[in-house]
Amino acid sequence: DEEVHELYADPFLHNNRLQHMVQVMIFHPDYLACFLKTQQYMLRCYGPLPYDYRHFIAIMAAARHQCSYLIGIQTNEFLLQGGDERWLKGLSHIPKKLQDLYELNKIMAHRPWLISRAHIERLTQGNDNWSIAELTHAVVLLAHFHSLASFVYGCGINAELDQSDGHSFESPGNGGGNSGKSPLSRSPHSLTGSSAHEMEGGIEV
C-alpha cells in the first residue's frame, strides 16, 4: 500500500536495497517509521560527532555482541564516509579518544547499572576529552546499536546478499560454516584475528 511504499522509498534510495532488517520491521509500519527517523538523526543529520566516528562507534557497539550483520553494514558506511581502514585492525589503531570509550561500551553492553559518575568524569576531563554533547551522542549510539543487535539476533535476520555469508552453502559437517571463527572475521572489511578479540572483549567487567 501507499504507506509501505513511502516507508520503503528512503532506505532504498540511501542503501540501493531494502535491508533485511527493514523488511522485517515493515510488519510494524509505525515502529519502522520511528526507527528510520531515529537512525537518520543519529547517523546522518547535524550533530557533534564526525560521521566516521558515528559509524565506528556503531561498529564498537555491535562488536560487543558479535553481531556480524550490523558490523558489516556499519563498516561499509564507515568506509563510505571516508573512515580510515586502518582503524578496523583493532583498538591500538584507533584514536585515543575512541579507545577511551571502550570501557563504557563494555559496561553499557553487559552491566549498565554499574556506570557511575566517575566513568563520565574520566571521559570528559584531560587530554583528548569528550565534550558533554559528544559523549551524549556517543552514548545514544552505543545504546541504540546494543539493542539493535538483540533485535537482529531475536528475529534471526540473515546477512545481506553481498555480505560474505549472504549467499553461500556449506555442508553441516563444517559446523554451519562457522569453523570455530568469530562472526566478526566473516564480515566484509571487518576486524579479524586479535583485533576481533579486542573489539569483542569478554562479558566480565
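Predicted model: local features only at pLDDT ≥ 70, side-chain atom pairs only at ≥ 80, totals over all residues.
Local features here need pLDDT of at least 70 and side-chain atom pairs pLDDT 80 or more, while totals for chains, interfaces and linings use all residues. Residues are numbered from 1 along each chain as its sequence is written, and side-chain values use heavy atoms, leaving out hydrogens and water.

Student: How many helices are in the protein chain?

Tutor: Helices are DSSP runs of H or I with at least four residues, and strands are E runs of at least two, numbered from the N terminus. The chain has 0 strands, and its helices number 10.

Student: Is α4 parallel or oblique to α7?

Tutor: Happy to look at that pair! Helix α4 (residues 51–64) and helix α7 (residues 102–110) have axes, lines fitted to C-alpha atoms over the stretch in contact, 10 Å apart. The angle between their N-to-C directions, on a scale from 0 to 180 degrees, is about 45°. Under 35 degrees counts as roughly parallel, over 145 as roughly antiparallel, 65 to 115 as roughly perpendicular and the rest as oblique, so α4 is to α7 oblique.

Student: Which residues in α7 does α4 meet?

Tutor: Contact means heavy atoms within 4.5 Å. From α4, M60, A61 and R64 take part, and they meet in α7 Y102, N105, K106, A109 and H110.
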